[in-house]
Amino acid sequence: MWQSKKYKAAVSKIETGKVYESKEAMAKVIETATAKFDETIELHIRLGVDTKQADQQVRGTVVLPHGTGKKLRVLVIAKGDKADIATKAGADIVGAEDIITKIANENWLDFDVCITTPDMMGQMGRVAKILGPRGLMPSPKSDTVTTDVAKAIKDSKAGKVEYRCDKTNIIHCPIGKKSFGVEKLHDNFNALMEAIVKAKPAAAKGQYLRSITTAATMGPGVKASYKQQ
């Protein structure tokens, strides 16, 4: 695999095989993020679970203390009073059947978060195959199917992220931008890790946290450790 000189230079700053203390890992990932844009910093957490088993799924949400650094476009699908509340709470787009039809017919996806009320979920099945693969389908587990749309909007705008273990038993989740600096990234790191540790399934056996790797959009991976707060 071809690697640029800049990427090779970044890799050379990381000690092979070393697992860095979490705050040191944040400093190292910032040091090796050399792109000209403000790179996103992500965590990749390998867990000791078997996601093929229904009782070993790991999924949830957490509001990061400093957000993700990304301005999110929030869509709310609701009617009546809930639609009015959503508009007042700062939703970017509010609609009902008209929006569902637009997604179904035009494959319209000009939003980052979709929130809906329980009474609309029967109609959301029309667009499940479009939204699901993109991680945009509302779900009670991610608090995006709710009667409290104002809180859901507030949390999304404040930096709520959803974490979910994929088929390879890894969680991929952003924790901010390079410009955040070490302290803010470390705060977000701890918030996400604490949530994931609390979400450990009772059925999971053996070592739960197998590995934690942090990396910038264009940078190499840095292995990190986590000490429970």
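**Strand pairing, a buried glutamine and salt bridges**

Strand E1 and strand E8 (residues 209–216) pair in the antiparallel sense over 7 bridges, pairing being assigned if DSSP finds at least two bridges between two strands. Helices (H or I, at least four residues) and strands (E, at least two) are DSSP runs, numbered from the N terminus. The model is predicted: local features need pLDDT of at least 70 and side-chain atom pairs count only at pLDDT 80 or more, whereas totals for chains, interfaces and linings use all residues. Residues are numbered from 1 along each chain as its sequence is written, and side-chain values use heavy atoms, with hydrogens and water left out.

A hairpin of 5 residues joins E8 to E9.

Glutamine 56 is located in the loop between strand E1 (40–47) and strand E2 (59–63). Its relative accessibility is 13%, and glutamine 56 therefore counts as buried (buried, under 20% relative accessible area; exposed, over 50%; partly exposed, in between; 1.4 Å probe, protein chains only). A polar atom of the glutamine 56 side chain lies 2.8 Å from the backbone nitrogen of aspartate 50.

The whole structure contains 11 salt bridges (a side-chain nitrogen of Lys or Arg within 4 Å of a carboxyl oxygen of Asp or Glu). One of them links the side chains of aspartate 110 and arginine 73 (3.7 Å, N to O). Aspartate 110 lies in the loop between helix H4 (97–106) and strand E5 (113–116) and arginine 73 in the loop between E2 and strand E3 (74–77), so the pair ties together parts that are 37 residues apart in sequence.

Key. Polar contact = N/O pair within 3.5 Å; in protein donor to acceptor, adjacent residues only side chain to side chain.
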